[in-house]
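The following paragraphs walk through one protein model, from overall figures to single residues. Please keep the sequence and the coordinates at hand while reading.

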Amino acid sequence: KCMIRNTLLFCVVLLLHANWSTIIWHLEQERPLQVTILDKTVPDTSYREHKGVMWILNNLRYVNSATGSPFRYHQDYYGFFPVPEQQYAIHELPSDLGKTDLIYVTDTYGVYTADFYRENIRGKRSELIYGGLKPREVTAIANSLTPRNVLIAEFNTLATPSDPQARQQMESILGVRWTGWIGRYFSSLAADNPEIPHWLVENYEQQYNTKWKFRSSGLAFTNLNDEVVILEAGVGIGSRFNRLVFLPSAVEHYHVAKEVQYGYWFDIVEAAAQTEVLAHYHLDLTAEGEKELALWNIPAVFPAVIKNSSPYRTYYFAGDYADSNVIPTSYDAVAWRPWLGIGGITEEKKFFWQIYFPMMKQIITEIER
């Protein structure tokens, strides 16, 4: 009887908490914010490349200043718009962004024919329909920057297929330089893993003149010249793979966890002298892994989050941070998860709730101030 009573009590408390979270959320005042989001990588209606940032804006009770309504995943951005019957529309970034408060370049990798027309799900290379950062877009962004607003850009803004001139212009604004390398952790490097792009396997086999025989987890790196480097777990890389580690001052200011394992796409960049590196990636290399990466001039520690405060406030996230599959369906409740202990949840959830959510909340709060 005691166990049944305690179980019922727990369920009642949980139900009350869920209801109160929603009630408190609706009692909070809405705050208008003019946000410009550029997302060129929208091959389907999941909108996952910009859904994370819009969910956070809505959850924090910000509304689109143009409409007075919550941000709509399917409409309130610029870039590629999928429509029914394998058709699409393109809404180009305007030359005049107005008095925008936040500019967020979430992804410019683009949409390719084989992905959009459902011909493959394995990243087989095909013709580009639309994508890559353009010089006129960087000019529009640069002209809109003032001491009162903020620019955030993240992977894949600088990498292929962005125009080289646009990349250089954006690097100057952000205070970073892309080395030409990108990488990703894979829970399985087996060729039949649907997450492994076909082009990665093909380029590796051509480069090394051998078959792709990897099976365990590991890290994959590739560069502008399609050169590939693989570090298998237990051989070139240790069990902690790629850790995202924040400086103590950043932990305090942005209310983030000190570190978390990061398991998605990232690019390897260098920070300019005037910038502030808030967090670094730390690769858990073995002696063999250190030797292999040294051959390719790939560092073991490199910037992950870079802030540039002069002459404008910009942030560069050297990873696919806004891309998330772990956000709740509904945003109309107080977000209590960021304050949970880190035990018992996946690394992806840890990253969203203990890194990305609180960091974005602090950045947006500073825009208001």
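Among contacts in the protein (heavy atoms within 4.5 Å) between residues at least 6 apart in sequence, 71% join residues at least 24 apart. The model is predicted: local features need pLDDT of at least 70, side-chain atom pairs count only at pLDDT 80 or more, and totals for chains, interfaces and linings use all residues. Residues are numbered from 1 along each chain as its sequence is written, and side-chain values use heavy atoms, with hydrogens and water left out.

The protein has nine helices and 18 strands; these are DSSP runs numbered from the N terminus, with helices being H or I of at least four residues and strands E of at least two. Of its 369 residues, 50% are buried. Buried stands for under 20% relative accessible area, exposed for over 50%, and partly exposed for what lies in between (1.4 Å probe, protein chains only). The accessible surface comes to about 17600 Å², and 54% of it belongs to carbon and sulfur atoms. These areas come from the Shrake-Rupley method with a 1.4 Å probe, and for residues only the protein chains shown count as cover.

Helix α5 spans residues 164-174, and its buried residues are Ala 166, Arg 167, Met 170, Glu 171, Ile 173 and Leu 174. Seen down the axis of α5, these residues fall within an arc of 160°, so they line one face of the helix; the arc is that of the directions from the helix axis to the C-beta atoms. An α-helix has 3.6 residues a turn, so residues three or four places apart point the same way. Gln 168 and Ser 172 are exposed on the other side of α5. The partners of the buried face are one helix, α4 (135-144), together with the strands β6 (102-107), β9 (150-154), β10 (176-186), β17 (301-308) and β18 (313-317). After α5 comes Gly 175, whose phi is positive, near 75°.

Which charged pairs hold side chains together in salt bridges? Side chains of opposite charge can pair when their charged atoms come close. Here a salt bridge is a side-chain nitrogen of Lys or Arg within 4 Å of a carboxyl oxygen of Asp or Glu, and the whole structure contains 11 of them. One of these joins Asp 101 and Arg 148, at 2.2 Å from N to O. Asp 101 lies in the loop between β5 (87-91) and β6, and Arg 148 in the loop between α4 and β9, so the pair ties together parts that are 47 residues apart in sequence. Asp 101 is buried at 12% relative accessibility, whereas Arg 148 is partly exposed at 40%.

Another salt bridge is formed by the side chains of Arg 177 and Glu 270, at 3.1 Å from N to O. This pair links distant parts of the chain, with Arg 177 in strand β10 and Glu 270 in strand β15 (residues 266-271), 93 residues apart. Both count as partly exposed, Arg 177 at 40% relative accessibility and Glu 270 at 41%. A further salt bridge, between Glu 205 and Lys 211, has an N to O distance of 3.7 Å. Glu 205 is partly exposed, with a relative accessible area of 23%, and Lys 211 is exposed, with 56%.

Asp 320 sits in the loop between β18 and α9 (347-368) and is buried, with a relative accessible area of 4%. Its C-alpha lies 6.4 Å from that of Glu 154, although Asp 320 and Glu 154 are 166 residues apart in sequence. Beyond residues up to four places away in sequence, Asp 320 touches several others, including Glu 49, Asp 107, Glu 154, Tyr 262 and Trp 265.

The largest nonpolar core has 108 residues, of which Phe 221, Leu 244, Tyr 316, Phe 317, Tyr 321 and Tyr 356 touch the most other members. Its largest share, 11 residues, comes from α9. A nonpolar core is a set of buried Ala, Val, Leu, Ile, Met, Phe, Trp, Tyr and Cys residues joined through side-chain atoms within 4.5 Å. Not counting residues up to four places away in sequence, Phe 221 touches, among others, Trp 181, Val 229, Phe 266, Leu 283 and Ile 298.
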